[in-house]
Structure formats: structure tokens, C-alpha cells
Amino acid sequence: MVEEASRTIDARGSFCPGPLMEMIRAIKAAEIGDVVAVLSNDSGSRTDIPKWAQKAGQELVAVQSGEEGDSILVRKVK
Amino acid sequence: MSKKLLIIGSGTAGLMVANLVARQLRGPVAHRDIEVTVLGERDEYVYQPGFLYVAFDLWEPDSLRRKVADLLSPGVRFVHDRAERIDAAAQSVTTRTGQTLQYDYLVIATGSQLNLTEIPGLEEGAHWFYTLEGALRLREALKSFEGGRLVLSVGIPHKCPVAPVEFTMMFDDWARARGIREKTEITYTYPVARPHTIASVADFADREFTARGIEIETFFNMDSIDAQGKVLHSQEGTDVPYDLLVAIPPHMGDTLGAASGLAEKGNWYPTDRNLLRVGAYKNIFAVGDTTNIPVSKAGSVAHFESEVLADNLVGLLTDGREPGHAYTGRAFCFIETGLEQATYISFDFAHPPTVPTPSRSIHLFKQTYNRIHWANLKAVM
Amino acid sequence: MPGETKEYQTPSPELSVEGLNVVNAVFASLTPHMVARFGEVAESATTALDYLVSPELLSLLRRTQEVAPLLEQGLSVLAALGAAIDIESAAPRVEAAARAARKEAEQSSRSVGLFALRRLQKDPGMQYALRFLLSFAANLRQNA
């Protein structure tokens, strides 16, 4: 099943901690239940964002690899 | 027809670009063949790296301030007014008092500023040393600090990325010198997985903080502050009680960019990292903190960028030569590691920094540099 | 103390490392323009030094020493002129003063002084400098 993101942020071209900070800010502004997707071509994002989601108690939905970078999806659960 | 260079901003980047261009084009500037104008909201320049010293009562605030007019090279015109809107099509800038200034080349050097409203309770519950008023208020709070929980919490992005690390280590030293370290707990919080965005600085901070008994909280994004109960809440669900909270509020760019439809998220200008051009405009440049370039927002970056931009502007203003000088991401930052020791980092886009062992000599060099800065600003050195 | 032997220490490795750190920090902190400015300052400083040690300057200094009394006289004439300064007519008056000084010099046997004074009088740079001095003196007087 492919999760539909409520909001997608294109953070390609920005580097650590850019994509992670985009995710943190977007989750803060989102409603509970929303899924936020961040597109990133910084390899650190694949590990940074899931680690953050775990610490923050938010749900990591998917880490998808594409030709133009990774798409990391997180659902706001609290 | 004279060529007009307009620079918005009377901070480090704006003054350096104006002075570097004016010094290289003395003749044409004196004969008004080339007009160099600085449009600035503030007519007083403040040396921001000095705020750290003010907070610890080591420097008097007056030593940080000088009149903008006293810092400009001969021939540079200063307009004390606020830029309200850039009209890129008409090549003009309108000001708060209703003036319209025309330009052939525009340099945006409007810096970065604290966003004090993003985190509820911040203004009531926290201190900061990123403004002169804030540093003075913190100075008074430190005078009456007799021990307890000091929490330093970092929000990003912010200017001078090493300053929070410096403050933490200086505070540790200061508390030891006052004999109150044993009854003081120090906690440092940072938004990402490690205590700094730069890997080597993060490793250095990890080692130093651990050795000095300073607690580190990572993945900590300030959410709100309970000023009454003296508790800092993070977005990740961690609560940290404090007696004295020093926060680094996240920064944002000046609203001019948004009002003119030129800036992006956070009011930062989309800027070419080498030529410093804004968007697709051939005659608009951004320099210093206000760009979206993935490099530290720091005076040193503004300095290195200003030289590149000034050299390119000299070519454009004299014979329309295409910009050929490229900014390579160079930066140099001192790191005070206490009241009498310091180290430094030097890096560019391709070469991340290493952190040498702190020493007293580097601290003395930093103290010397604090004076050299004025000569750099005036472009006499 | 007599008979005491001193031990000379080589710099400690720590000190060498610290010295290297500072040198590295200085290099890393320099911007291209700062390096260029240092170069300019170094060039003008060495040029000035070279000029200072030249035989031409030495002989000029000797000659200046010889004509010192004449110069002093000339300056006192200038000071007297300054009392009723009129910038427009300052230049001819300087020339008149110089002529008077030359006359005196001719009567004296100091041929070197005469030579120097002639050169001074003919030199457009010197005339300009004297005019500047006079107007400067007038400004000083007005603002005193």
C-alpha cells in the first residue's frame, strides 16, 4: 500500500540538518493523523529522520528510494 | 551616466561590500561615475561576537558600538531608512519614508534576526545573548546566579553556530572561578542527533562536555516554555526544569524578501552558492546571513563572501565584465572553550573542519582579532 | 651566581604544537584581500626603507642640515606673512619672500644653501606645498 502524504516537502539540495529540520517543523504544524513526506538527496536523512521519529514518538511510515533521492514519510500520532 | 550600486543593510556584509568596492574604485567613486549607496535601517553598527563577553561582564557594551557613518569609506553615501520593497523589474527600492532608490546592481545584506514568537513562553521565560539588550539582561541574571540548573537550549537555524558551545564552556569556567560549579548543573540541548550540525564540532563538544560534567540532550526541539513553573518542554516530549534558561531562538530573514516576492522559506533568499546571485537575476546579489546557502551564518562567511562579491561588482561596474570570482564556502570561526582558552575551525564546501586542541594562544589571537575586525570592516586591512 | 651552570631547554613539544596551531589559525583566518593588503604594505614599506638608506637621501639630508639656518629664516618670514594672510595673494608673497631669502644667501658665502634654495623656489611641488601651508595657517587662525 502506498501512503498518501498530507504534505510533501522538497528538501532536495539542502544538507544535514536541513531535511530533518523541515520534517520537525512540518510535524509541529501538522494535525494528528497527518502524514508528512520529506524528499531528500542527503544520505544522512535516511537514518536521521527515522531516529528522530522514534525519539519523538511519531510513526515512521516509509523510507522510499527513488532516482532523485529518498522520500521519508512520518505520521503525526501525538 | 553614472552606474549605481545599492546595498541594503548596514551590518557586516553590507559595510564590507560597500567599502571593498569603494576602495577599489576610488577615482570613479570620487568623480561620481560610480555611485555606491548603503541603505540601512540602523545608523549604529554593533559587533555581535562581543555579546558573549558582555554577558559575562568582560566587555562594556560601548566598546561594541560605532556609528555607521564613521565606518564607511569616503564617497559611499549612507541613507538611514528601511527598505520596504524591492521592485526587480523597475530596478528600484522603496523605503519606509517613501523614497525610491534606483539601482543598476543591488546587494541584499539584510542579515538574520531572532524569531521570538515561534516558541510560546520564550520571551517571558528565557534569556538570550544574541542581541545587546539580551546580553545585558543576561549579565544581570548571571550576577545574581548562585547555583542551580543552567539550561542552554539551541534552536536552528541560528547565526554563529559555535556560540552556544562557547557559551556553555565559558559558563562552566565562570562557575568554577566563582566557586559555584559544585552546586550548578549544566544541560545543553540540541535539535538533531548530535550536539552540533558540524560533525567534528559535535565530537569535540561531546568529549569536552562529558569531561566537564555537562549534560547533553539531543533531538530536543524547544516547543514551549512554562515561565512560571520554570520548565522547558520539547517537541519530542522531554521536560527539562531550569533555574536559568539561556535559549538560542531560531532565526529568520528580514521580511523585505517576502514583501518583494524574492525570498523563500524563513525569508532566506535563494542564492547561487558561488556567484551569490539571487534567483535568475543577473544584477541582484545576496551576501551574509540572508542567503539560503548551506554554510554557517557568521561574520567570517560574510567577510569571505564580501570579497568575492566586491571583486565581481568591480568588474560589472567598470566594464560590464561577467562575474568570474567564485565563493568556495570558506569560513573561519574561533571557539572560546573557556574564559582563557580557545580553538578554531576553518572549512569550505569541500573540506569539513577539524578542531585543534584548545590553547591560551588561540584565545589571545581571538582577543586580538576582535580589534582587527574594525579594520576588516573598513576594508583597510 | 659564580660557578653556577645554566641549563638551556629546547622548546617543549607541546609548545611547538601550540605555536603551529596559532600559525595555522592565522593563515586560515586571512582572506585573499587581507593577504593582498599585507603585500601592498610590505611593498611600500620596503620601498620606503630602500629610499631611506639611499646615498641620494643621505646627501639631501646633509644639504638640508647645511641650509637649516636659511630655512628657519624663511619660515619666520612665512610666519610674519601669516599675520595678514590673504590666500589669493599668498603665492606671489611666498615668491617675494623666497627672493629676499635668496638675496641674503647670495651675500653669504654658502653656495650649497643658495643652490638648494633656487631649486626650492623653482620646484612647482614646493610652491604648491607653500601655498597649502599658508592657507592651512589661515584656516588655523580663523578657527583659533
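Q: In which helix is the place of C:Gly74?
A: This is a predicted model, in which local features need pLDDT of at least 70 (pLDDT is the predictor's confidence in each residue, from 0 to 100), side-chain atom pairs count only at pLDDT 80 or more, and totals for chains, interfaces and linings use all residues. Residues are numbered from 1 along each chain as its sequence is written, while chains are lettered from A and ligands numbered from 1 in the order in which they are written. Helices (H or I, at least four residues) and strands (E, at least two) are DSSP runs, numbered from the N terminus. On that basis, C:Gly74 belongs to residues 68-82 of chain C, helix α4.

Q: Does C:Gly74 count as buried or exposed?
A: A residue is buried if 20 or more other C-beta atoms, placed from the backbone, lie within 10 Å of its own, exposed if 12 or fewer, and partly exposed in between. C:Gly74 has 22 C-beta neighbours inside 10 Å, and therefore counts as buried.

Q: What percentage of the residues of chain C count as buried?
A: Chain C has seven helices and zero strands, and its pattern along the sequence is α-α-α-α-α-α-α. Of its 144 residues, the share that counts as buried is 12%.

Q: In which helix of chain C is confidence lowest?
A: The average pLDDT of chain C is 66, and 39% of its residues score at least 70. Confidence in chain C is highest in helix α1 (residues 13-29), at 81. The lowest value, a mean of 54, belongs to residues 111-122, helix α6.

Q: Which element of chain B gives the largest share of the side that touches chain C?
A: Two residues are in contact if their C-beta atoms, placed from the backbone, lie within 7 Å; by this criterion, 14 residues of chain B meet eleven residues of chain C. On the side of chain B, the elements that give two or more residues are α10 (299-319), β21 (342-347) and α11 (360-377). The largest share, four residues, comes from α11(B).

Q: How many nonpolar residues has the side of chain B that touches chain C?
A: Ala, Val, Leu, Ile, Met, Phe, Trp, Tyr, Cys and Pro count as nonpolar, Asp, Glu, Lys and Arg as charged, and the others, Gly among them, as polar. The side of chain B that touches chain C has four polar residues and one charged residue, and its nonpolar residues number nine.

Q: How many nonpolar residues has the side of chain B that touches chain A?
A: This contact takes 15 residues from chain A and eleven residues from chain B. By class, the side of chain B has one charged residue and four polar residues, and the nonpolar count is six.

Q: Which helix gives the most to the side of domain 1 of chain B that touches domain 2?
A: Chain B is divided into domain 1 (3-111 + 254-328) and domain 2 (115-250), with bounds from an automatic or database domain assignment. Their centres, taken over C-alpha atoms, are 32 Å apart, and the contact takes 14 residues from domain 1 and 17 residues from domain 2. On the domain 1 side, four residues come from the helix that gives the most, residues 51-55, α3 of chain B.

Q: How many of the seven residues of strand β4 of chain A are buried?
A: Strand β4 (residues 69-75) of chain A pairs in the antiparallel sense with β3(A) (residues 59-66) over seven bridges. Six bridges also join β4(A) to the antiparallel strand β2 (residues 35-40) of chain A. Strand β4(A) is largely enclosed by the rest of the structure, because the number of its seven residues that are buried is six.

Terms used. Pairing = 2+ DSSP bridges.
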